[in-house]
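Hello,

My notes on what was found in it follow below.

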Amino acid sequence: MPETADVVIIGGGVVGSSVAYYLANQGCTNVLIIEREERQGLGSTSKSMGGVRAQFATEINIQMSIYSIDFFSRFEEATGHTADYRAHGYLFAATKESHLKYLRENLEKQRALGLNDAEMISCEEIVKMIPQMRSDDIIGGSFCPTDGFVDPNGVMTGFAKRARECGVRLWLNTEVAGINIENGQIAGVKTDRGDVSTRTVVNAAGPWASIVAKMAGQELPVSPLRRQIVKTQRCDFLPAKFPMLIDMSSGFHFRREGEAILMAWPDDEETYGFKTALTHEFIEKILMHAVNRVPQFADLPVNPHQCWAGMYEVTPDHHAIIGPAPEVRGLYCANGFSGHGVMHSPATGRIISDLIIHGRCEVLDATPLRVERFAEGKLLEETAVL
Ligand SMILES: Cc1cc2nc3c(=O)[nH]c(=O)nc-3n(C[C@H](O)[C@H](O)[C@H](O)COP(=O)(O)OP(=O)(O)OC[C@H]3O[C@@H](n4cnc5c(N)ncnc54)[C@H](O)[C@@H]3O)c2cc1C
């Protein structure tokens, strides 16, 4: 007799774990998470910078963040595990009038959706938060104090642990190699541990999502794109607590993690592909932007062994793909987060579990994220891409 499950989740990262949690929370516990690695989080999740923010440009991203950040603020109560949510804020520093216009317009959208904490701030206020910054070209910015950071592994572990306490099963070291379909309906998955019979599959395979979708004959425009994080040695000259600073002139951003500083930067020259090697060339490039914004970074050592690279799962409009696959009944996509999968994991779990159990999600309307938007030419435009 093959193993059976009401729902099979392919991928045990933060997204698969959140979907499992929300399903279990609503009483759907005959769920199996299948993860090919020997432990969870070895995909993109453990590579994340852990940033969470509601300062986005599109309604759907703002709504997903408001839902998720509220959940992070009571994560421990919900899961029994800490997400280590630190509401240190995100600070966008503008160097052009066009940046300010863009931030103002976004702020209006954020306010209209109930995010009351975000505000425009002056250059003087920015310098007060990070006095070591070079500010001669900064003309203002925006700040939201409820944005901040979480521990990505903590979030994943909290979701997965609580789901498993409710009866969800987790298979590690198990690869899904195929998806069985009968008359356009999911019938099961093939794994190197045997077949599993199910009528519902959630694709939570991160950067590998399009490979998994293809197993069911579904085209999914999700591509892996390398992103690298540089971690410095102990930094004493910056404040003990300050927000994630986004330098809008270059996209360079940094935050404190314990004694060290984490730095990131979207390198336009990076090309798509399954690449996870850290490069010295990137370290050189990012440090140029770092020193340009905070001159004292020139004297702060970086140990390449503490830096890392991972992959974003990117879609053509930099928005997630969430919802049922149009061509295969019983297949659900939770993919393509384009750099926001940790921060949007609570909203995603809620939406997918509601769609599976109730056929709709009343808390968050994710129809703008359906995969059909690409064929219909209804792409979303999120310009606040980090
Ligand atoms: C450098 C970097 C910085 C980032 N910073 C942030 C940030 O600040 N904030 C934020 O919100 N997000 C950030 N992200 C993005 C975030 O990490 C991802 O969006 C998120 O982790 C995606 O989670 P996931 O569970 O979908 O994917 P993953 O964590 O990759 O999990 C997918 C899992 O599926 C498994 N899998 C794949 N194929 C199969 C198969 N055939 N069979 C079985 N298992 C399979 C993989 O082994 C993997 O464990 C960052 C990403 C990177 C790389």
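The shell around the ligand consists, by class, of 18 nonpolar, 15 polar and seven charged residues. Please keep in mind that this is a predicted model. Of the 40 residues around the ligand, five glycines come nearest: Gly 11, Gly 13, Gly 43, Gly 206 and Gly 341. Helix 1 (14-25), strand 14 (223-231) and strand 18 (308-314) are the elements that give two or more residues to this shell. Strand 18 gives the most, with four residues. Both domain 1 and domain 2 take part, and each supplies at least three residues to the shell around the ligand.

On the domains themselves: the assignment gives domain 1 as 3-50 + 152-222 + 316-376, and domain 2 as 90-145 + 224-314. Their centres, taken over C-alpha atoms, are separated by 30 Å. Where the two meet, 13 residues of domain 1 are in contact with ten residues of domain 2. The side of domain 1 that touches domain 2 has five nonpolar, seven polar and one charged residues.

Next, the interior. Buried residues account for 49% of the 386 residues in the protein. The largest nonpolar core has 112 residues, and the members that touch the most others are Val 8, Ile 9, Ile 10, Val 19, Ala 20 and Val 202. Helix 1 provides the largest share of this core, eight residues. Because domain 1 and domain 2 both give residues to the core, it lies between them.

Leaving aside neighbours within four places in sequence, Ile 10 is in contact with Ile 34, Val 176, Val 201, Val 202, Asn 203, Ala 204, Ala 205 and Val 212. Across the protein, among contacts between residues at least 6 apart in sequence, 75% join residues at least 24 apart.

As for the overall fold, the protein has ten helices and 20 strands. The C-alpha atoms fill a box of roughly 70 × 45 × 40 Å along the principal axes. The radius of gyration is 21 Å, which agrees with the value near 21 Å that a compact globule of 386 residues would have.

Two backbone details remain. Most residues other than glycine have a negative phi, so the following two positions are listed for a look at the backbone.

- Asp 84 has a positive phi of about 50° although it is not a glycine. Asp 84 is found in the loop between helix 3 (75-79) and strand 5 (90-94). Asp 84 counts as partly exposed, because 18 C-beta neighbours lie inside 10 Å.
- Asn 173, also a residue other than glycine, has a positive phi near 55°. Asn 173 is found in the loop between strand 9 (169-171) and strand 10 (176-182). With 12 C-beta neighbours inside 10 Å, Asn 173 counts as exposed.

Regards

Terms used:
Residues numbered from 1 in each chain as written. Predicted model: local features only at pLDDT ≥ 70, side-chain atom pairs only at ≥ 80, totals over all residues. Rg over C-alpha atoms; globule rule 2.2 N^0.38 Å. Buried ≥ 20, exposed ≤ 12 C-beta atoms within 10 Å, placed from the backbone. Contact = placed C-beta atoms within 7 Å. Domains from an automatic or database assignment. Nonpolar A, V, L, I, M, F, W, Y, C, P; charged D, E, K, R; others polar. Near = placed C-beta within 6 Å. Core = buried A, V, L, I, M, F, W, Y, C linked by C-beta atoms within 7 Å.
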